[in-house]
Amino acid sequence: MQVAVERASVTALRTPMVVLGLLEGVTAPTGALGAVDQALGGLVSRLIASGEVRGELGRASVIHNQNPGGQLGAERVLVVGLGPREELDLEAVRVASGTAARQALDLRLDSFATVVHGAGAGGLDPAEAARALVEAAQLALYRYTEFKSSPQPGNVERMVIVEQDAERAAALEPVVRGATVTAEAVNRTRELSDGPPNLVTPTYLGEQAQALADRYGLECRVYGKQDLERMGMNAILAVNAGSARPPVLVDIRYKGPNARKTLAYVGKGITFDSGGISIKPAEMMHYMRHDMSGAAAVLGFIQVAAEKRLPLNVIGIFAATENMPSGSAYKPGDIIKTYSGKTVEITNTDAEGRVILSDALAYAAEQNPDLIIDIATLTGACSIALGDYATGMMTNDDRVAALLEQAGVASGELVWRMPLWKVYFKQMDSTLADMKNAAHGRRGGMLTAAQFLLQFVGGKPWVHLDIAPTAYTDEQQKYIPPYQPRYGATGVGVRLLEQFAERWMRE
Ligand code: BES
Ligand code: ZN
Ligand code: ZN
C-alpha cells in the first residue's frame with residue numbers, strides 16, 4: 001500500500017472514505033470530526049445521540065454521504081472508536097487504525113483517507129501517533145495468499161493522511177516513510193513464518209538472508225552442513241540428523257554509520273518441529289511451521305536497520321534445521337559435544353531449540369558483541385505463564401531489561417521479565433554430561449531453558465526472548481494477526497527490536 005500525506009481540509013478532500021476518531025463518551029464532536037459533522041448537517045451528532053455511533057475502542061461506523069462533493073468531499077465517513085480519553089495510548093491508535101484499514105478492505109475500496117488519531121485533543125506526540133497509525137494500517141492489511149488459487153479481493157492501494165497545516169504535513173513525511181519501512185519488514189517476517197515448511201526450508205532461509213545481504217550490500221556467510229561439520233557445530237548437526245534437508249547457520253552483518261555498539265541478534269530457525277523421536281501429538285503439529293519465527297525476526301530487523309541506516313552494528317545470526325524423527329535422528333540418551341566444548345545429554349529431542357541455540361550463542365559470543373539478544377519460540381511453559389500477549393524475557397543485564405520493557409510498551413510488543421536464578425539450573429543436572437537438554441520435571445520450564453542457554457553466552461550481557469506465546473496467534477486482534485487467514489504469524493521481534501535499538505544506541 002502506498003501512503004501519502006495531503007495538505008487539505010478533511011471536509012474538502014475528495015476520497016472514497018475519510019476516517020475520523022471518536023473518544024468514548026463524547027457527545028458533541030469537535031476538531032476534524034466536528035467539521036465533518038457540520039458539513040453533514042449534524043448527522044454525526046444525531047447518530048451519537050441515538051447510540052448508533054459510539055467511541056468504544058475498535059468500533060467502526062460507516063456513514064454514507066448522500067451528496068459527495070457538496071459540503072463534504074468524501075463519499076463515506078468512517079467513525080472509529082478510540083476508547084476512553086484516559087486510556088488513549090499508541091496501542092489504541094494502532095487498534096483504531098487497523099480497524100479502519102480492514103474496513104476499507106471489507107468495503108472493497110482501493111483508497112481511503114484518515115486523520116492522525118490521538119494527536120490533537122488526545123494529547124499524544126504527533127510523530128509517535130502517526131508512526132503507530134501508519135504501521136498498524138499496513139500490518140492490518142497483510143494477507144498470505146501465496147497458495148490460494150481462487151482470486152482474492154484486491155488490496156487497498158493507497159492511504160492518504162490529511163493534514164491542513166503545512167508545517168505539520170511536512171513533518172509527517174519522514175514519519176510515514178519510516179513507518180512504512182518497518183511495516184514492510186514485519187510483514188516480510190510474517191510471510192517467512194507463515195510459509196509452509198516444504199517451502200520455507202533451512203536452505204530457503206539461507207537464500208533469503210543472502211538476497212537481503214545482496215540488496216543492501218551486507219556481509220553474509222551461510223554455513224552449510226559441511227562447514228558445520230568442519231567447525232564442530234555438533235549441536236546443530238544433532239538436531240538435523242533426522243532430517244533429509246541440510247541445516248544452515250547464517251551470519252549476516254549490518255554496519256551502521258558512526259556506530260558505537262554492536263548487537264548480536266540470534267534466532268531459533270526450526271523450520272518444522274515434529275518433536276523428533278520425542279514426537280509431539282498430531283493435533284496442532286502443523287503450527288510448528290512457525291518454529292523459525294525467531295530467525296525470521298532477525299532477518300526482519302536487519303532489513304529495518306539497513307533500510308533506515310540505523311547507527312549501530314548488527315550481527316544477525318540464526319541456525320536453521322528441521323527437527324524430525326528417523327533412523328538417523330538424534331535420540332534421548334545421546335550425548336553431544338557442542339561447539340563450545342560443553343557436553344549435553346539429550347533427555348528429550350523436543351527440547352531442540354535450546355540445543356541449536358547452544359551452538360549459535362557460543363558462535364555469537366565469539367564475535368565479541370556488546371550485547372547478545374536471542375529470540376526463540378522456545379517453551380510451551382512460557383505460554384502457560386504469560387498467556388497470549390507477552391514475550392518472556394530473561395537477562396543478566398538490568399539496564400537492558402528496562403530498555404526492552406520500554407520498547408515493548410512503545411511498540412505494543414509487550415515483554416515481561418522472568419528470573420534468571422541459578423537455582424533453576426539444578427533441574428538440568430546430568431550424571432553423564434555437563435548438563436541435560438530438558439529439565440527434570442516440567443515446572444518452571446521457561447526458566448530452566450534460560451539456564452541452559454546461559455551456559456553458552458560466555459558471561460556476556462545477554463537477553464533471552466521466549467516468543468512461544470507471541471510468534472503466532474489464532475485470535476483475531478485488531479492489527480494482528482493478518483486479516484486472512486484469521487490465524488497466523490505476528491512478526492513479533494522486529495518492531496520491539498527497533499524501538500529497543502533506538503533507546504540503546506542513545507545510551
Ligand atoms: N517449539 C517448541 C515450543 C513451542 C511450543 C513453541 C508451543 C510454540 C508453541 C519447543 O521446541 C518445545 O517443544 N519445547 C518443549 C520443551 C520440553 C520438551 C522441555 C515444550 O515446551 O514442551
Ligand atoms: Zn520442540
Ligand atoms: Zn521447537
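This is a predicted model: local features need pLDDT of at least 70, side-chain atom pairs count only at pLDDT 80 or more; totals for chains, interfaces and linings use all residues.

What distance separates the centres of domain 1 and domain 2? I got 37 Å, taken over C-alpha atoms.

**Bounds.** I looked up where the chain is divided: domain 1 covers 2-164 and domain 2 covers 187-506.

**Contacts.** Next I checked who touches whom. I found 21 residues of domain 1 in contact with 25 residues of domain 2.

**Buried area.** Domain 1 and domain 2 bury about 2,000 Å² between them. Carbon and sulfur atoms account for 51% of that area.

How many salt bridges does the rule find across the interface of domain 1 and domain 2? I noted three. I also looked up the pair Glu502 and Arg131, which form a salt bridge with their closest N and O atoms 3.0 Å apart. For polar contacts between domain 1 and domain 2, I have seven residue pairs, counting those with both residues at pLDDT 80 or more.

**The domain 1 side.** Then I asked which helices supply the side of domain 1 that touches domain 2. Helix H3 (90-106) and helix H4 (126-140) each supply at least two residues there. H3 gives the most, with nine residues. Sorting that side of domain 1 by class, I wrote down nine nonpolar, five polar and seven charged residues.

How values were computed. Residues are numbered from 1 along each chain as its sequence is written. Chains are lettered from A and ligands numbered from 1 in the order in which they are written. Side-chain values use heavy atoms; hydrogens and water are left out. Domain bounds come from an automatic or database domain assignment. Contact means heavy atoms within 4.5 Å. Buried area is the accessible area (1.4 Å probe) that two parts lose on being put together, summed over both. A salt bridge is a side-chain nitrogen of Lys or Arg within 4 Å of a carboxyl oxygen of Asp or Glu. A polar contact is a pair of N or O atoms within 3.5 Å; within protein, one must be able to donate a hydrogen and the other to accept it, and residues adjacent in sequence count only if both atoms are side-chain atoms. Helices (H or I, at least four residues) and strands (E, at least two) are DSSP runs, numbered from the N terminus. Ala, Val, Leu, Ile, Met, Phe, Trp, Tyr, Cys and Pro count as nonpolar, Asp, Glu, Lys and Arg as charged, and the others, Gly among them, as polar.
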